[in-house]
Amino acid sequence: MQLQTSWIGATLARLSLLLAALIVAPLLPAAEQISSVRVWNAPDNTRVVFDLTGPVTHQLFTLNAPDRVVIDIPNAEKTRALDLVDFKGGPLVNVRSAAQANGDLRVVLDLDRRLNPKSFLLKPSDQYGHRLVIDLEQVGAKAGTAARPQAPAAAPVSQPKSYSTAKSYSTMGSGRDIVVAIDAGHGGEDPGAIGPSGTREKDIVLQISRRIYNVLKVEQGIKPVLIRTGDYFVPLATRREMARRKYNADLFVSVHADAFDNHRARGASVFALSRRGATSTLARVLAEKENQSDAIGGVQINNADEMVTSVIYDLAMEGSMEHSIKVGSMVLREMGGVTHLHKKQLEQAGFAVLKSPDIPSILVETGFISNPTEERNLKSQDHQVKLSRAIGRGIIAYFDQHPPPGTYFAARKQQRDAQQHRIARGETLSEIAQRYRVDLAALMQYNQLTTTDLIREGQVLRIPHS
């Protein structure tokens, strides 16, 4: 009887301990996990993104000989994701991790050179949950700025210019080249819109941007540059500033692909900036989506600085907005010849990437990637070629009529406008048009003639551009 009583007492004691453990266990915080790791290599920085199952804190420090970045994350667990990192051939050569005695997870980034690390945490947004972002910047890069990628054949850096005032520029031949900055939207952490079959906007618009670059590259007097040359993230403000300060661009063209909840929505669009509200509900919705790029791609924004900058930019933007509308309308007209247009007139909305005070800037939506038919078109090489040629024609036509002072296009226009012909005895308008290789109707319209009979010997004709 005594043994039975002892056994019952011991059993009750064990049950009490188990019950106490069950009561206390839920009060202990569950360890967070790193669910995936992504690496994005830009020309002068590398971004490492850790996807987390929940919020964390972290500490970061560096070691040298060899160069390493060490991140300690309290209350976190090692997962297989840390062993499956794709380094993509950048300066990050290995990722190691281990649990520490104090319970922290230590992650070590092995580097092939010394880099300046900075880190920040991002709360859930759009398709992402909690993220820890580590930016590894080249030594000497300005702290707190994003990468400034090198585009092919970059234009020499010069002083910011006024679009409407002639200044002293270095000339090549009869004038300097016009610089067109082509900006492929999204990139890296920010995939942009995703089509029904999984096509990512960031990939499509980079392909189209490269084709526009190739179209403009063969045009004498135009020098295209690419803002984003690969799959990496560039903040919206950095895109504008690269065009203005690095490339001293004459035109900024941002290339995108629409998405809308209604999969039947279709057609290409061209937008200029509006400071007085959007011209349509769709324009406002698209601008709001595009302006979320920084939050999705991962950038910390100082709202106070942005507000001050916006006020200053607004004061200087009227002239560039007028030209933005002109070049955007010409591009839209050319695109209408190769693809369906969502609207036949240029639209305006508050796109943050277009807020350059001294550069005409347009945003081209090449089609609705959310529409299955247009998604297939946007993936088609033939359709991309047609779009890029149309956009290029619109840009060239604009600069043909409105060349910046001191450029080859301006010198050519001056020479063209000065070209005249004095009619000799027996000449006809048809013969003159054939001699100068111009269209007869264009020759008549250029000289405000209504019939071929109303010409006389000694009359001076102005010859339009062929």
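In what order do the 5 strands of the open sheet lie? They run S5-S1-S2-S9-S8, with mixed pairing. What you see above is a predicted model, in which local features need a pLDDT of at least 70, side-chain atom pairs count only at pLDDT 80 or more, and totals for chains, interfaces and linings use all residues. Residues are numbered from 1 along each chain as its sequence is written, and side-chain values use heavy atoms, leaving out hydrogens and water. Let's walk through it topic by topic.

**How confident is the prediction?**

- The protein has an average pLDDT of 83, and 82% of the residues score at least 70; pLDDT is the predictor's confidence in each residue, from 0 to 100.
- Over residues 143-172 the pLDDT is below 50, and this stretch has 80 contacts in the model beyond near neighbours in sequence; a contact means heavy atoms within 4.5 Å.
- Confidence is highest in strand S11 (residues 222-226), at 98, and lowest in helix H6 (residues 303-315), at a mean of 51.
- Helices (H or I, at least four residues) and strands (E, at least two) are DSSP runs, numbered from the N terminus.
- A handy rule for reading any such model: where pLDDT is low, the predicted coordinates should not be read in detail.

**The open sheet**

- Strand S5 (76-77) and strand S8 (115-122) are the edge strands, and each pairs on one side only; two strands pair if DSSP finds at least two bridges between them.
- Strand S2 (residues 45-52) and strand S9 (residues 130-138) run antiparallel and are joined by 8 bridges.
- Look for leucine 52, which stands opposite histidine 130 in S9.
- Glutamate 77 lies in strand S5 and is partly exposed, with a relative accessible area of 36%; buried means under 20% relative accessible area, exposed over 50%, and partly exposed in between (1.4 Å probe, protein chains only).
- Leaving aside neighbours within four places in sequence, glutamate 77 is in contact with Ala31, Glu32, Gln33, Ile34 and Leu105.
- Glutamate 77 and leucine 105 are 28 residues apart in sequence, yet their C-alpha atoms are 6.2 Å apart in space.

- Is aspartate 183 buried or exposed? With a relative accessible area of 1%, aspartate 183 is buried.
- Aspartate 183 has its place in strand S10 (residues 178-184).
- Not counting residues up to four places away in sequence, aspartate 183 touches Ser209, Ile227, Arg239, Phe252, Val253, Ser254, Val255 and Val353.
- Aspartate 183 and arginine 228 are 45 residues apart in sequence, with 6.3 Å between their C-alpha atoms.

**Helix H3**

- Helix H3 (residues 236-246) is largely enclosed by the rest of the structure, because 9 of its 11 residues are buried.
- Among the buried residues of H3 are Leu236, Arg239, Met242 and Ala243.
- Just after H3, asparagine 248 takes a positive phi of about 50°.

- In helix H8 (residues 372-379), the buried residues are Glu374, Glu375 and Leu378.
- Seen down the axis of H8, these residues fall within an arc of 105°, so they line one face of the helix; the arc is that of the directions from the helix axis to the C-beta atoms.
- The general idea is that an α-helix has 3.6 residues a turn, so residues three or four places apart point the same way.
- The buried residues of H8 pack against helix H2 (201-217), strand S12 (251-258), strand S15 (361-368) and helix H9 (381-401).
- S15 is mostly covered, with 8 of its 8 residues buried.
- S12 and S15 pair in the parallel sense over 6 bridges, and serine 254 has leucine 363 in S15 as its bridge partner.
- Strand S13 (residues 269-273) runs antiparallel to S15, joined by 3 bridges, and serine 269 stands opposite glutamate 365 in S15.

**Aromatic rings**

- A search of the whole structure finds 3 aromatic pairs; rings of Phe, Tyr and Trp (its six-membered ring) pair if their centres lie within 6.5 Å, with planes under 30 degrees apart counted as stacked, over 60 as edge-to-face and the rest as tilted.
- One of these is the edge-to-face pair of tyrosine 398 and phenylalanine 399, at 5.0 Å centre to centre with 65° between the planes.
- Tyrosine 398 counts as buried at 0% relative accessibility, and phenylalanine 399 counts as buried at 0% as well.
- Arginine 412 lies over the face of phenylalanine 409, at 4.4 Å from the ring centre; a charge sits over a ring if NZ of Lys or CZ of Arg is within 6 Å of the ring centre and within 35 degrees of the ring normal.
- Arginine 462 lies over the face of tyrosine 446, at 4.3 Å from the ring centre.
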